[in-house]
Amino acid sequence: MKSAEAPGADEVERGQRIYTPLVLRAYDVFVLGLSNRFAWRCPSTTMLARYDRYVGKRHLDMGVGTGWYLDRCAWPVEQPEITLLDLNESSLAVAARRIARYAPQTTRANVLDPLPLGNSGFESAAANYLLHCLPGHNESKVATLAANVRPYLESGGVLFGSTILGRGVTHTRIGRRLMKLYNARGIFSNAEDDERGLARGLATCLEDVEIEVVGTVALFTARA
Ligand SMILES: C[S@@+](CC[C@H](N)C(=O)[O-])C[C@H]1O[C@@H](n2cnc3c(N)ncnc32)[C@H](O)[C@@H]1O
């Protein structure tokens, strides 16, 4: 079992290194199209419906990938104010280009460090498929992320997202293979992640924590 010590820079780096321009070109088909449905048994439309439901006029997206959800979701206003935050320059560039019509701000940062977002305030913040990429003990990495985003959430603002669990869920054969491969390479660090740790981590500084598990994916919301 991993200790609750803060993860090293190398472990953090391994959680985002894979997202090169080439990998990002295949991401929508391989991850959002195939893996979500067949390996993790939670189709991307389930996550998209939650974007539709929770995104606000001022939105912070952490761990942006290709920006697929941001491109497709239903925004409550024509011109939402969107901030994209990611440690990986390629993810930021691809997502920003994809939703250029909304003129998003971009910030390169590690979500496990205090976030450099100045005086920004957000109605909504998303961490979709980010937590399983983060190294560290389940509950403490969730608590760190929640503490880092909390100062930027407006009162009543929502943090929502999803993460693939390693424990307390039944993985398919293909899911188990991918889990083993990705955890061995540091792409995922979720072998010990479970629903309880997620709930406890979120509850350290947020309220109204709600979690639903679909397939092997925990879908969560919590409010400031
Ligand atoms: C699996 S992708 C998720 C993309 C998208 N949100 C989705 O749901 O499809 C994970 C994203 O998180 C970013 N990431 C990984 N570790 C990070 C960290 N410590 N801080 C900020 N971003 C990170 C990666 O660069 C990548 O863009």
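Helix 6 (residues 138–149) contributes three residues to the lining of the second largest cavity, the most of any contributor. The structure is a predicted model, in which local features need pLDDT of at least 70 and side-chain atom pairs count only at pLDDT 80 or more, while totals for chains, interfaces and linings use all residues. Residues are numbered from 1 along each chain as its sequence is written, and side-chain values use heavy atoms, with hydrogens and water left out.

**Overall fold**
- The protein chain has eight helices and seven strands, taken as DSSP runs numbered from the N terminus (helices H or I, at least four residues; strands E, at least two).
- A compact globule of 224 residues would have a radius of gyration near 17 Å, and the 16 Å of the protein chain agrees with this; the radius is taken over C-alpha atoms, and the globule rule is 2.2 Å times the number of residues to the power 0.38.

**Cavities**
- Searching the whole structure gives two cavities of 30 Å³ or more, a cavity being a set of points on a 1 Å grid over the protein atoms alone where a 1.4 Å probe fits but cannot get out, with lining residues having an atom within 4 Å of a point.
- The second largest cavity has a volume of about 30 Å³, a volume being the space filled by probe spheres set on grid points that are joined across faces, edges and corners.
- Its lining includes Asn-138, Lys-141 and Val-142, together with Asp-193 and Asp-194.
- By class, that lining of the second largest cavity holds four nonpolar, two polar and three charged residues, where Ala, Val, Leu, Ile, Met, Phe, Trp, Tyr, Cys and Pro count as nonpolar, Asp, Glu, Lys and Arg as charged, and the others, Gly among them, as polar.

**Largest pocket**
- The largest pocket holds about 710 Å³ of space, a pocket being an open set with protein on both sides within 12 Å along at least five of seven lines.
- Among its 45 lining residues, Ile-18, Tyr-19, Tyr-27, Tyr-129 and Cys-133 are the closest to the centre of the largest pocket.
- Helix 2 gives the most to the lining of the largest pocket, with eight residues, and the lining as a whole has 30 nonpolar, twelve polar and three charged residues.
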